[in-house]
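Have the sequence and the 3D view open side by side. We will walk through one chain, then the contact between chains, then the other chain.

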Amino acid sequence: MATRGFEGRRPPAELADRIPPGQSLTDGFPVLSAGPTPRIATADWAFTLKSGPRPIKKWSWAEFQALPQTKMTRDIHCVTKWSKLNTPWAGVTVDDLLADAGIEPATPFMLAHSYDGYSTNVPAADLLDGKAMVATHYEGKPLTPEHGGPARLLVPHLYFWKSAKWVNGLQFTERDEPGFWELRGYHIHGDPWREQRFRGD
Amino acid sequence: MRVDAPEEAAHVAWQTATIEALTPLSARVKSIVLRPERWRPFQAGQHLDIRLTAPDGYAAQRSYSVASAPETEGVYELAVERLEDGEVSPYLLDIAEPGDAVDIRGPFGGHFVWDAADGGPLLLVGGGSGVAPLMSILRHRVAARSAVPACLVHAARLWDDVLFRGELLALDEDDAAFRLLAALSRDTPRRPQDTGRRIDAALLADAITGLGARPRLTFVCGANPFVESVTTLLVGLGLDPASIRTERFGG
């Protein structure tokens with residue numbers, strides 16, 4: 001039912017099909033975090049790939065920078081209702097991480113872990129085939145701490161809480177294990193085109 | 001760990017709410033009291049989603065924190081601040097009238113929440129309409145007769161921008177375990193405990209000292225640069241980052 005007196009402000013027609021339901025365009029880059037911004041020096045940074053509890057490979061910052069670097073420009077969608085188009089990232093794809101570790105996907109599910117204790121679950125299929133990366137650069141510059149630097153996960157086709165900031169590891173899990181927000185009422189998968197914001201959506 | 005109640009399908013369904021009252025809280029912020037068809041219990045600190053629909057079916061959604069206490073059944077009070085280039089806030093502040101209907105769902109949120117059983121001391125830091133969820137927490141603390149020490153540091157430009165000022169001043173008078181500290185960036189403080197400057201480390205240290213012990217939980221809500229600056233100061237004062245919960249808005 002229409003809201004009396006509401007006209008609204010529509011996005012430009014040529015962009016309308018890039019904006020998922022319930023989202024609004026922003027030119028800014030809002031920050032959403034559950035707590036204070038952790039500040040991690042690259043000298044102290046490391047990234048660990050695990051299968052269950054077992055570490056498979058660990059990279060230092062220098063080793064990570066020596067992996068194949070990929071650029072990716074994508075639209076991103078935050079569950080708090082903003083979308084931002086054409087965001088340019090660079091980093092290492094999850095495919096290249098697995099290749100460097102010399103493994104095939106161990107299970108169909110992954111959990112991303114972060115320095116602040118945050119975690120989020122993403123099916124392996126949503127991370128592979130060039131769909132996702134561990135991003136270290138935004139707009140050609142090192143990723144700032146507010147936006148998740150030194151490194152954040154980038155899974156642009158899912159709501160942005162899945163793109164864990166301050167990421168320090170990926171772990172294959174036997175089951176689809178809910179992460180931080182998924183345990184607190186957010187949707188287990190988070191597809192913006194199906195408006196999977198909250199559990200039950 | 002607390003998780004959302006299992007009543008998920010009902011919780012996520014949109015429903016109609018009637019605007020019962022619109023009251024200015026400051027030059028830029030109005031209190032909006034909504035009466036939904038089916039009021040759902042919630043936790044202090046949670047937010048509602050609001051949806052406005054144009055005649056051609058175009059719809060816009062936004063999230064607003066609930067400022068009323070979970071004990072105030074039947075209604076949700078919001079504190080809506082005007083964003084000059086906004087799409088939804090100008091409608092709610094300038095066009096909406098009591099009796100109008102909007103779509104809502106929720107309340108939602110499982111992290112920026114406080115229950116009296118969580119205990120204290122409790123440090124609350126809000127900028128502008130970021131005070132809304134902190135107000136819900138304080139009202140819940142009163143309604144639940146919780147005696148945990150609590151301090152609200154309210155950042156505002158002017159004394160007249162201090163939201164819910166009458167209620168907060170009365171609580172400050174009546175409740176020995178509660179302190180209001182106003183940090184006024186463009187105004188002269190009216191009370192000795194308030195300051196005529198932005199929130200800084202000295203003010204936050206004063207707030208923490210007044211609690212008698214390190215806060216068990218700290219809630220910070222406001223525009224992102226505000227939250228970033230306050231949380232950096234709090235971590236610098238030695239608070240455990242895991243004890244600090246944030247809610248940020250704006251780009």
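Is strand β5 (residues 76-81) of chain B largely enclosed by the rest of the structure or open, and why? Six of its six residues are buried, so β5 of chain B is largely enclosed by the rest of the structure. Buried means that 20 or more other C-beta atoms lie within 10 Å of a residue's own; exposed means 12 or fewer, partly exposed is in between, and C-beta atoms are placed from the backbone. Strands (E, at least two residues) and helices (H or I, at least four) are DSSP runs, numbered from the N terminus.

A word on the source. This is a predicted model: local features need pLDDT of at least 70, side-chain atom pairs count only at pLDDT 80 or more, and totals for chains, interfaces and linings use all residues. Residues are numbered from 1 along each chain as its sequence is written, while chains are lettered from A and ligands numbered from 1 in the order in which they are written.

Stay with β5 of chain B. In a regular strand the side chains alternate between the two faces of the sheet. Here B:Y76, B:L78 and B:V80 point one way. B:E77, B:A79 and B:E81 point the other way. Strand β2 (residues 29-36) of chain B pairs with β5 in the antiparallel sense, over six bridges; pairing takes at least two DSSP bridges. B:L34 stands opposite B:Y76.

Now step back. Chain B is assigned domain 1 (15-108) and domain 2 (116-249); such bounds come from an automatic or database assignment. Their centres, taken over C-alpha atoms, are 24 Å apart. In contact are 16 residues of domain 1 and 16 residues of domain 2, where contact means C-beta atoms, placed from the backbone, within 7 Å. β5 of chain B gives the most to the domain 1 side, with four residues.

Next, the two chains. Their contact takes 38 residues from chain B and 36 residues from chain A. On the chain B side, α6 of chain B gives the most, with five residues.

Finally, look at helix α2 (residues 94-101) of chain A. Its buried residues are A:V94, A:L97 and A:L98. What covers them includes β2 (46-51) and β5 (82-93) of chain A. Just after α2 of chain A, A:G102 takes a positive phi of about 70°.

Note on methods:
Two residues are in contact if their C-beta atoms, placed from the backbone, lie within 7 Å.
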